Amino acid sequence: MVSPRVYEAMRQPIVGHLDPFFFEVVEDVRKLLAYTFSTSNEFNIAISGTGTSGMETAVANFAEPGARFAVLANGYFCDRLADVARRHGSEVVRLEKPWGEVFDDQQAREFILREKPRTVAYVQAETSAGVYQPGNAICEAAHEVDALVIADCVTSLGGMPVMVDETGIDIAYSCTQKGLGCPPGLAPLTVSPRAWERLRARTRPVDSFYMDLRLLDSYYRDHKYHHTASATMFYALREALAIVREEGIENRWQRHRRNHAAFVAGIEALGMRMHVAEGHRLWTLNTPRVPDGVDDVKVRQRLLAEHGIEIAGGLGSLAGKVFRIGLMGYSSTEENVARILDALQRSMK
Ligand SMILES: Cc1ncc(COP(=O)(O)O)c(C=O)c1O
């Protein structure tokens with residue numbers, strides 16, 4: 001759900017994409033993103049587009065054609081990352097895990113030291129499975145072989161610790177419509193000084209004009225026209241990030257953790273099981289397993305028709321096996337936990 005304050009912010013008059021007021025908003029977003037990503041990086045921007053545009057920007061700028069690109073693959077969005085990298089001409093190498101499991105430090109390390117890639121990518125919060133992948137060992141090994149690390153934080157930013165600097169992530173991207181409680185439309189992205197150096201040293205032009213970070217930097221920092229960014233979406237993002245700041249990022253994580261824990265307790269009380277082992281679950285996106293004999297499509301249709309609640313089904317190998325229930329951003333409330341548990345129970349009956 002979108003926060004009412006964000007809706008209100010979007011009613012402000014729309015200024016031009018080169019208006020001094022627009023660039024004031026951009027500067028606020030830059031600073032507030034540093035706080036929300038837990039980073040001292042100066043390069044924090046919002047790409048015009050949804051989460052996938054953040055993914056494509058990260059790949060286009062930091063994976064050179066022909067160079068090795070390593071993906072730790074344990075879900076649907078890891079496969080998308082590999083697909084995007086292949087389309088940009090990378091030589092993709094993958095380490096596989098069943099959806100819902102995490103890579104342990106040793107496995108990740110051995111893979112990266114063996115493959116010696118130029119870029120490593122992983123999904124911190126895999127929405128298809130509901131699993132959180134820690135990144136410290138991945139980043140440490142990657143830096144040992146002089147690789148950059150891209151982390152997909154689409155379903156963690158604003159709801160779970162992203163910790164860009166502490167983890168050692170070089171490029172992190174996210175979306176606006178999940179933990180931040182905005183409409184979809186922008187992809188927050190942060191780049192470390194180390195990654196920026198790599199970009200400056202790049203001899204081949206980035207194979208996307210729209211997503212070329214050096215061109216975007218000259219737009220947002222030097223105010224040179226590149227494309228017509230949406231002032232309305234920047235108002236929305238600034239307001240959403242201001243709310244994060246007011247709540248306090250740690251308090252926000254704790255709110256998500258508490259509501260997730262209450263949800264899990266309720267699910268177990270209904271006799272259901274979570275797909276992901278305790279300690280590895282997302283607090284933003286819950287994946288209870290569909291009980292035997294229950295048709296997940298019918299349950300979801302009934303939830304929407306009779307209770308006005310939309311949840312998602314499993315993707316790929318988890319289709320029909322899990323429900324995917326988002327309790328994130330503005331929607332992560334005790335009241336919503338109680339509502340979904342009650343409605344789920346009724347719909348399954
Ligand atoms: C982990 C992850 N990465 C990338 C995306 C793509 O984001 P979008 O659908 O906003 O383009 C999603 C969308 O749900 C996601 O969950």
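The legends below describe close-up views of a predicted model.

**View 1**
Seven strands form an open sheet in the order 1-9-8-7-4-2-3, and their pairing is mixed. Strand 1 and strand 3 (91–96) are the edge strands, each of them pairing on one side only. On average, and with direction ignored, neighbouring strands of this sheet are turned by 20 degrees against each other. Helix 4 (residues 76–87) packs on the sheet, where it touches strand 2 (68–73), strand 3, strand 4 (119–123), strand 7 and strand 8, and its direction makes about 165 degrees with that of strand 2. Helix 6 (residues 136–144) also packs on the sheet, touching strand 2, strand 4 and strand 7, and the direction of helix 6 makes about 155 degrees with that of strand 7.

**View 2**
Strand 1 (residues 43–48) has six of its six residues buried, so it is largely enclosed by the rest of the structure. Both of its faces are covered, with Phe-43, Ile-45 and Ile-47 buried on one side and Asn-44, Ala-46 and Ser-48 buried on the other. Strand 1 runs antiparallel to strand 9 (residues 186–191), and six bridges join the two; within this pairing, Phe-43 has Val-191 of strand 9 as its bridge partner. Strand 9 is also joined by three bridges to strand 8 (residues 171–173), again in an antiparallel arrangement, and here Val-191 of strand 9 is the bridge partner of Ile-171.

Trp-196, Leu-199 and Arg-200 of helix 8 make the contact with Leu-213, Arg-214 and Asp-217 of helix 9. Sorted by class, this contact has three nonpolar, no polar and three charged residues.

Strand 10 and strand 12 (residues 323–326) run antiparallel and are joined by two bridges, and Asn-286 has Ile-325 of strand 12 as its bridge partner.

Asp-296 is placed in helix 12 (residues 296–307), and with a relative accessibility of 8% it counts as buried. When residues up to four places away in sequence are not counted, Asp-296 touches Val-290, Gly-313, Gly-320 and Phe-323. Arg-281 is found in the loop between helix 11 (249–269) and strand 10, and its relative accessible area of 13% makes it buried as well. Apart from neighbours within four places in sequence, Arg-281 is in contact with Gly-130, Tyr-132, Met-160, His-260, Val-264, Met-274 and Val-276. His-88, by contrast, is 193 residues from Arg-281 in sequence and 32 Å from it in space, C-alpha to C-alpha.

**View 1. Two loop residues with positive phi.**
Most residues other than glycine have a negative phi. Met-163, in the loop between strand 7 (148–152) and helix 7 (164–167), has a positive phi near 50 degrees. His-223, in the loop between helix 9 and helix 10 (231–247), likewise has a positive phi, near 65 degrees, and at 42% relative accessibility His-223 counts as partly exposed.

**View 2. Ala-338 in helix 13.**
Ala-338 lies in helix 13 (residues 334–348) and, at 48% relative accessibility, counts as partly exposed. Ala-338 and Leu-180 are 158 residues apart along the chain, and their C-alpha atoms are separated by 22 Å.

Technical notes:
Residues numbered from 1 in each chain as written. Predicted model: local features only at pLDDT ≥ 70, side-chain atom pairs only at ≥ 80, totals over all residues. Heavy atoms only, no water. Contact = heavy atoms within 4.5 Å. Helix = DSSP H or I, 4+ residues; strand = E, 2+ residues; numbered from the N terminus. Nonpolar A, V, L, I, M, F, W, Y, C, P; charged D, E, K, R; others polar. Pairing = 2+ DSSP bridges. Buried < 20%, exposed > 50% of the residue type's maximum accessible area, 1.4 Å probe, protein only. Axes fitted to C-alpha atoms, helices over the stretch in contact; angles between N-to-C directions.
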